[in-house]
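Please read it alongside the sequence and the model.

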Amino acid sequence: MDEEYDVIILGTGLTECMLSGILAVEGKKVLHIDRNNFYGGECASVNLTQLYERFRDGAEPPKELGRERDYLIDLIPKFLMTGEGLIKVLVYTNVVRYLEFSAIATSMVYNSGKIYKVPSTPGEATMSPLVGVLQKLKARSFFEFLQKWQTDPAAHGLEGKTMADVYSEYSLNEDTQEFIGHAMALQLDEKYKKKAARDTCQRVIMYASSAARALDDNRSSPYIYPQYGLGDLPQAFARLSAVYAGTFMLDTPVDEVVREDGVFMGVRSGDKTARAKQVIGDPSYFRNDVRKTGRVIRAICILREPIPKTGADSAQIILPQRQIGREHDIYVTCLSSQQKICPAGFYVASISTIAETSGDPKEEIAAGLKLLGPIEQIFVSVSDVYEPVSDGTQDNVFVSRSYDATSHFETVYDDVKDMYRRITGKELVLQQRPEVGDASA
């Protein structure tokens with residue numbers, strides 16, 4: 001450990017492992033340390049015994065739930081869209097070769113007390129009951145605009161426009177705005193309407209592109225999931241980093257992040273100190289360098305039946321905040337033995353949202369729990385959410401953001417891009433990389 005590195009990374013969450021793999025591929029000498037004896041950090045996959053150790057003080061799981069090794073339950077489940085940024089990173093780094101994916105059967109949205117399938121194409125969207133009769137032509141005009149803007153942004157610019165401006169321009173009412181902003185663009189709350197329209201429009205295009213690709217593959221939703229759980233994602237990026245000479249040290253305490261004149265210079269574990277130019281890590285390693293921005297409620301539920309009225313063994317359901325009288329959406333996911341995360345005859349549903357009160361978290365997610373039907377076991381947690389207080393360019397300490405309540409990976413990819421830019425001083429450009437040993441490498 002007493003060596004000099006280009007970068008030291010603390011924690012093996014997905015964000016940290018993605019950066020480890022990318023930087024190692026680009027020739028950086030990487031040392032990756034985790035105090036835990038497993039990969040994944042807060043986004044690890046756990047078996048049944050580990051789940052009970054974490055939430056039930058080590059109580060023995062009921063025998064009727066089956067064998068512990070048949071479970072790989074994600075603490076923070078998130079779905080991938082085939083057109084999103086994380087998929088591009090998987091291809092860019094060739095990590096995709098280490099993974100197998102399973103299709104998610106359906107994506108649904110809650111509206112007026114019922115759940116409806118989220119349309120897979122703009123054409124379906126204009127035929128959906130989620131869009132009122134008088135809004136269909138207006139919605140079609142909006143989607144046609146997006147197609148033109150995607151082809152020629154300069155000619156159909158959004159500069160200076162908020163999403164509220166765009167909605168107003170196409171006379172889209174609140175129901176249509178909710179469908180576009182929350183079911184397609186996957187915005188967590190209404191704050192996006194006051195922000196630049198570009199981000200939401202790009203999200204809608206990504207959803208439509210992913211959905212079109214799903215239809216080509218005879219899939220009914222744009223979402224996919226790694227077989228055997230999300231825990232394989234950090235491990236796959238760690239494997240990539242190791243292939244490119246990255247060094248990994250699990251079960252290694254971090255006793256001190258060493259600084260000189262306020263600038264990072266190394267990490268001490270026991271009587272050994274590894275030196276590096278930069279350090280990257282999750283908030284748990286840098287309590288004095290982050291601020292709390294909120295809390296996330298998460299519930300893991302073991303079921304014996306799929307979620308009623310979905311007609312599917314795997315699903316995502318979005319409950320838009322306006323429909324349930326909240327400021328933030330509630331996200332519901334359901335997985336099954338098709339994703340190889342639980343035994344046949346069982347289903348694992350997860351519910352997440354931003355905490356808005358200091359009261360009983362179950363009350364805040366009651367609308368989501370109501371959709372699940374009979375629940376065999378439930379495990380509820382409330383976690384603080386942190387963000388770095390500075391960008392790291394002055395002290396060379398680069399801290400990732402906590403994982404949010406959303407059921408998708410776009411915010412994680414956004415954090416990776418932002419951190420990469422601050423760490424390297426350049427934008428992350430994704431292109432196919434040569435294999436190790438390739439003459440062109």
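Lys362 is located in helix α11, which covers residues 361-364. The model discussed here is a predicted one. With a relative accessibility of 38%, Lys362 is classed as partly exposed. Beyond the residues up to four places away in sequence, Lys362 touches Leu369, Ile378 and Val380. Between Lys362 and Ile423 there are 40 Å in space, C-alpha to C-alpha, for a separation of 61 residues in sequence.

## Confidence of the model

The mean pLDDT of the protein is 92, and 97% of the residues reach at least 70. Residues 437-441 stay under 50 in pLDDT, and the model has 3 contacts for them beyond four places in sequence. Where pLDDT is low, the predicted coordinates should not be read in detail.

## The seven-stranded sheet

Val380, one of the residues touched by Lys362, also has a place in strand pairing: Ala299 stands opposite Val380 in β18. Strand β18 belongs to an open sheet of 7 strands, ordered β8-β7-β15-β16-β17-β14-β18, with mixed pairing. From one strand to the next, the twist averages 20°. Helix α2 (residues 48-55) packs on this sheet and touches β14 (290-303) and β18, its direction making about 70° with that of β18.

Strands of a sheet pair through backbone hydrogen bonds, either parallel or antiparallel. The table lists antiparallel pairs of this sheet.

| Strand pair | Sense | Bridges |
|---|---|---|
| β7 (residues 106-111) and β8 (residues 114-117) | antiparallel | 4 bridges |
| β16 (residues 330-335) and β17 (residues 347-354) | antiparallel | 5 bridges |
| β14 and β17 | antiparallel | 8 bridges |
| β14 and β18 | antiparallel | 12 bridges |

Asn111 has Lys114 in β8 as its bridge partner. Strands β7 and β8 form a hairpin with 2 residues between them, and Ser112 in the turn has a positive phi of about 55°.

Strands β6 and β9 are joined in the antiparallel sense over 3 bridges, and Ser102 stands opposite Tyr225 in β9.

Of the 9 residues of α3 (residues 85-93), 7 are buried, so the helix is largely enclosed by the rest of the structure. The buried residues of α3 are Gly85, Leu86, Ile87, Val89, Leu90, Tyr92 and Thr93. After α3 comes Asn94, whose phi is positive, near 65°.

## Packing of helices α5 and α8

Two packed helices are described by the angle between their axes and the distance between the axes. For helix α5 (residues 136-151) and helix α8 (residues 197-216), the angle is about 100° and the axes are 11 Å apart. At that angle, α5 is roughly perpendicular to α8. Helix α5 contributes Phe143, Leu146, Trp149 and Gln150 to the contact, while α8 contributes Arg198, Cys201, Gln202, Val204 and Ile205. By class, this contact has 6 nonpolar, 2 polar and 1 charged residues.

## A buried glutamine

Gln321 lies in helix α10 (residues 321-324). Is Gln321 buried or exposed? Its relative accessible area is 9%, and Gln321 is therefore buried, the cut-off being under 20%. Apart from neighbours within four places in sequence, Gln321 is in contact with His182, Glu190, Arg326, Glu327, His328 and Asp329.

Notes. Residues are numbered from 1 along each chain as its sequence is written. This is a predicted model: local features need pLDDT of at least 70, side-chain atom pairs count only at pLDDT 80 or more; totals for chains, interfaces and linings use all residues. Side-chain values use heavy atoms; hydrogens and water are left out. Axes are lines fitted to C-alpha atoms, for helices over the stretch in contact, and angles run from 0 to 180 degrees between N-to-C directions. Angles under 35 degrees count as roughly parallel, over 145 as roughly antiparallel, 65 to 115 as roughly perpendicular and the rest as oblique. Contact means heavy atoms within 4.5 Å. Ala, Val, Leu, Ile, Met, Phe, Trp, Tyr, Cys and Pro count as nonpolar, Asp, Glu, Lys and Arg as charged, and the others, Gly among them, as polar. pLDDT is the predictor's confidence in each residue, from 0 to 100. Two strands pair if DSSP finds at least two bridges between them. Buried means under 20% relative accessible area, exposed over 50%, partly exposed in between (1.4 Å probe, protein chains only).
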